[in-house]
Amino acid sequence: KGTILSMRLNKQTLSEQIYEILRQDILTQNIKCGTKLTLKVLQERFEVSSTPIREALTRLSEEGLMFYYSNIGVRVLEFTSQDLREIFQFMGDLDALAVRYAAEHAKRDTLTDKLRENLEACKRESDTKKLLQLSDEFHLLFYEYCDNSRLKNSAERMRSQLSVASYQYEQQTDNRSHIHEEHRAIFASFARGEAEEAAAKMKAHLMHSLVYAQAVWPEQKEV
C-alpha cells in the first residue's frame, strides 16, 4: 500500500509540474494564443506518458486557457474584442463586489493593513515579475476577505484568462505605474470606509485595463 501511495503522489507532482510549465508558457506567450498542441508533441517535450499530460491539460481547460479540438490535443485560448470586453467587464463587476463584501468583514482592519503593506512593497520592488505578483495580490486580497466562496470560485475560473490578457501590457512601465496609482486610489477610499467609492474605482480600474489590453492585442480589435 505504501508503494502505491508513493507512486500516486509522484504522478500528481509530475502533473502539477507540467501544468505550471504550460500555464507559464501561455501567460508569457512562449506558447502563443491559438496554438494547437498534440499529445504526441507534449509527450516528446516532457518525455512522459500521456496520463500526467492529460491531467495537466484538463486543469488548464477548466481554467479556460485551453480547449480540446479533438481526441489528440488542445488549442490555446484566443481573444476576440468581444472576449476582452466580457472578461474585463465581468472581472470588474466581480472585483467591485469583492470590495463591497470585504468591507463588511469582521477583520476589515486586517485587510486594510495587508493592502497597505502590498502598496508599500510595490514602492520598494524593482523586479518586474514580483511587481506583477504584487499587482495581482492586491485584487486577490479582497477575495480573501469577501467571505463568499461562490464569488471566489467564479473569479478564479475567469482570472486565468484575465492574467493572459493582462500580462503583456503590465510589462510596460507606464501602464504598471498607472495601475499602481489606481490601486492606491482604491485603497484610499477603502481605508476611509467609503466602500461604494472604492468599488466604483475598482470597476473603473478594470475598464482602464481593458483599454491597455486592446492595445496589446490590436489584431483582435476588429471582429
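In this predicted model, the axes of helix α4 (residues 81-103) and helix α6 (residues 128-144) come within 8 Å and cross at roughly 55 degrees. Axes here are lines fitted to C-alpha atoms, for helices over the stretch in contact, and angles run from 0 to 180 degrees between N-to-C directions. Angles under 35 degrees count as roughly parallel, over 145 as roughly antiparallel, 65 to 115 as roughly perpendicular and the rest as oblique, so α4 and α6 are oblique to each other. Their crossing is left-handed, a label used if the near helix is turned anticlockwise from the far one by less than a right angle, with right-handed kept for clockwise. On the α4 side, Met91, Leu94, Asp95, Ala98, Val99 and Ala102 meet His139, Phe142 and Tyr143 of α6, contact being heavy atoms within 4.5 Å. By class, that makes seven nonpolar, one polar and one charged residues (Ala, Val, Leu, Ile, Met, Phe, Trp, Tyr, Cys and Pro count as nonpolar, Asp, Glu, Lys and Arg as charged, and the others, Gly among them, as polar).

Helix α6 also packs with α5 (residues 108-124). Here the axes come within 10 Å and cross at roughly 170 degrees, which makes α5 roughly antiparallel to α6. Leu111, Lys114, Leu115, Asn118, Leu119, Ala121 and Cys122 of α5 touch Leu131, Leu134, Glu137, Phe138, Leu141, Phe142 and Glu144 of α6.

Helix α5 has another partner in α8 (residues 173-191), with axes that come within 11 Å and cross at roughly 155 degrees. That again makes the pair roughly antiparallel, and the crossing is left-handed. From α5 come Arg108, Leu111, Thr112, Leu115, Arg116, Leu119 and Cys122, and from α8 come His180, His183, Arg184, Phe187, Phe190 and Ala191. These split into seven nonpolar, three polar and three charged residues.

Stepping back, the protein has nine helices and three strands (DSSP runs numbered from the N terminus, H or I of at least four residues for helices and E of at least two for strands). Along the sequence they run α-β-α-α-β-β-α-α-α-α-α-α. The C-alpha atoms fill a box of roughly 55 × 50 × 35 Å along the principal axes.

The largest pocket holds about 630 Å³; a pocket is an open set of points on a 1 Å grid over the protein atoms alone, where a 1.4 Å probe fits, with protein on both sides within 12 Å along at least five of seven lines. Grid points are joined across faces, edges and corners, and the volume is the space filled by probe spheres set on them. Its lining (residues with an atom within 4 Å of a point) counts 28 residues, with Leu27, Leu132, Asp136, Arg159 and Ser163 nearest the centre. Two or more lining residues come from each of α1 (2-27), α6, α7 (149-167), α8 and α9 (195-216), and α7 gives the largest share, eight residues. By class the lining has nine nonpolar, ten polar and nine charged residues.

Residues are numbered from 1 along each chain as its sequence is written, and side-chain values use heavy atoms, with hydrogens and water left out. As the model is predicted, local features need pLDDT of at least 70 and side-chain atom pairs count only at pLDDT 80 or more, while totals for chains, interfaces and linings use all residues.
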